[in-house]
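Please read this briefing alongside the sequence and the coordinates.

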Amino acid sequence: MLRRVVPLLIAFVAVHVVVGWLGYQQPNEPMGDVYLVYEPWSRCALFGGIDVSSCTRSVAWEWPGITEKWIYPQLAFLPMTFAWAFAWAVGYTPAWAITVSLFNLVAFVILVGGGRSRGRVLAAWFWLAAILLIGPVGLYRIDGITVPFAILGGIWMLRRPFVASVLLSVAVWMKVWPAAILAAGLVAIRRRLALVWGAVAVSVLTIIPVVSLGGAPYVFGFVGDQTSRGIQMEAPVGGLYMFLAAFYVPGSEVYYDGDVLTFQVTGPGAEPLIAAMTPIMLLTMVGVAIVGVHKLRHGATFVSLFPPLSLALVTAFIALNKVGSPQYYVWLFAPVVVGLMIDRRRWYAFAGMTLVIAGLTQWMYPLLYDGLMATHPNPFPVTVLEVRNVLALVLLVWAVVRVVRVPTGRVRPPAGLREIVTGRRPVPARATVRR
């Protein structure tokens with residue numbers, strides 16, 4: 001099926017070259033995190049004694065997450081340091097783009113396979129279109145690295161659950177969001193212990209080196225850092241405040257938080273809302289997961305349950321989060337790719353809405369971002385931003401409805417706790433034969 005594979009590979013190269021090039025052409029530093037944050041962090045960890053001027057403090061060696069609190073889990077350093085393998089030849093920022101592209105290529109080739117599956121080919125075209133539409137923010141952020149891990153984890157969830165769990169767990173220790181897909185897997189598949197052991201293995205192999213290097217106080221520092229943040233101006237929950245700030249309502253404004261390097265929004269009643277949003281997000285995700293468990297207990301199949309459950313949990317992680325960076329929307333790509341691969345006809349609409357959300361995200365950031373960063377932002381970019389946010393909420397509701405409507409009675413439900421945990425069906429007792 002070379003006639004399907006070759007155009008896909010050519011398109012893959014073209015899309016990544018174009019998106020990489022756009023990062024240098026568009027306003028508002030879409031590559032800023034790479035050369036302002038990732039490069040100094042990794043430089044200090046690898047070469048602290050060589051270029052102290054790039055470190056954040058006047059010490060010879062720093063390693064965020066080990067010598068100090070960090071906003072990311074510790075394995076985020078792996079791609080940041082891996083990029084130095086190419087940085088000597090092209091500079092760190094292009095090296096980062098190469099790194100993300102290589103990770104994408106591995107997942108892309110495995111997804112396409114021999115080009116025989118129409119669902120896989122369609123999913124591959126969707127992924128390329130999504131990368132192009134969301135633009136440089138999907139390439140020049142740590143989130144872009146986690147997407148291929150999440151896609152492979154979804155592809156292998158049923159047949160190779162331990163491998164899927166290892167990949168997803170590595171991604172979780174880079175950026176927490178793939179935990180939503182791992183949670184969907186724990187609900188939807190029968191071989192749950194394989195997922196548990198994979199997650200335990202990766203976590204132990206991550207935590208032990210961090211602790212041995214003196215980073216015990218900071219192992220889970222990223223959790224507290226995220227939960228203590230204010231309302232990021234791009235988050236859906238901040239929509240009302242953004243309009244209030246745009247129309248100069250007293251007490252509502254956009255401001256820059258130098259500690260977390262992002263713009264946030266405030267207004268009347270913001271503090272209680274900040275405190276409530278993380279519990280609301282977590283309770284919603286737990287509720288969706290409980291619906292998934294109910295469906296499994298009543299005979300839902302993996303094919304019908306796992307893709308919409310993954311999308312619902314991931315979308316809840318985005319749409320109900322008080323942190324709403326533009327790159328978060330690349331998270332949608334993984335569950336939609338898996339959904340198209342498994343059941344493309346039921347996922348056309350989800351894919352179409354995701355592409356619209358991706359396009360609006362690039363329009364908002366970086367193209368209209370100047371109009372959002374003011375204390376009182378321009379109403380037009382605020383409107384574009386909030387249309388995108390409303391679509392994210394609609395996608396969440398739609399995905400939850402799809403989970404609720406998953407058909408049941410298709411397979412034999414688990415018989416007891418042992419089968420739920422291990423996936424092994426009880427062996428029927430042999431009948432006693434009288435002689």
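Helices here are DSSP runs of H or I with at least four residues, numbered from the N terminus. The model is a predicted one, and the helix names below follow that numbering.

**Backbone geometry**

- Asn28, which is placed in the loop between helix H1 (2–25) and H2, has a positive phi of about 65 degrees although it is not a glycine.
- Glu29, also not a glycine, has a positive phi of about 50 degrees, and this residue is likewise placed in the loop between H1 and H2.
- The peptide bond that leads from Tyr365 to Pro366 is cis, with omega near 15 degrees, and Pro366 has its place in helix H15 (residues 333–367).

**Packing of H5 with H6**

- Helix H5 (residues 92–112) and helix H6 (residues 118–134) have axes that come within 8 Å and cross at roughly 155 degrees; because angles over 145 degrees count as roughly antiparallel, the two helices are roughly antiparallel to each other.
- From H5, the contact draws on Asn104, Ala107, Phe108, Ile110, Leu111 and Val112, while H6 supplies Arg120, Ala123, Ala124, Trp127, Leu128 and Ile131.
- The residues of this contact of H5 with H6 divide into 10 nonpolar, 1 polar and 1 charged.

**Packing of H13 with H14**

- Helix H13 (residues 270–297) packs with helix H14 (residues 302–319) at an angle of about 170 degrees, their axes lying 9 Å apart, and H13 is therefore roughly antiparallel to H14.
- On the H13 side, Met281, Thr284, Met285, Val288, Ala289, Gly292, Lys295 and Leu296 meet Leu305, Leu309, Ala312, Leu313, Ala316 and Phe317 in H14.
- The residues of the contact of H13 with H14 divide into 11 nonpolar, 2 polar and 1 charged.

**Nonpolar surface patch**

- A nonpolar patch on the surface is formed by Phe162, Val163, Leu186, Leu193, Val196, Trp197, Val200, Val204 and Ile208, which together have about 740 Å² of accessible area.
- Helix H8 (161–172) and helix H10 (192–212) are the elements that give two or more residues to this nonpolar patch.
- H10 gives the most to the nonpolar patch, with 6 residues, and Trp197 is found in helix H10.

**Salt bridges**

- With a side-chain nitrogen of Lys or Arg required within 4 Å of a carboxyl oxygen of Asp or Glu, the count comes to 4 salt bridges.
- The side chains of Glu39 and Arg43 meet in a salt bridge, at 3.2 Å from N to O; both residues lie in helix H2 (residues 32–47), 4 residues apart, about one turn of the helix.

Key: Residues numbered from 1 in each chain as written. Predicted model: local features only at pLDDT ≥ 70, side-chain atom pairs only at ≥ 80, totals over all residues. Heavy atoms only, no water. Axes fitted to C-alpha atoms, helices over the stretch in contact; angles between N-to-C directions. Parallel < 35°, antiparallel > 145°, perpendicular 65-115°, else oblique. Contact = heavy atoms within 4.5 Å. Nonpolar A, V, L, I, M, F, W, Y, C, P; charged D, E, K, R; others polar. Patch = residues over 30% accessible without salt bridge, like charges linked within 9 Å, V, L, I, M, F, W, Y side chains within 5 Å. Areas by Shrake-Rupley, 256 points an atom, 1.4 Å probe, with all protein chains shown as cover.
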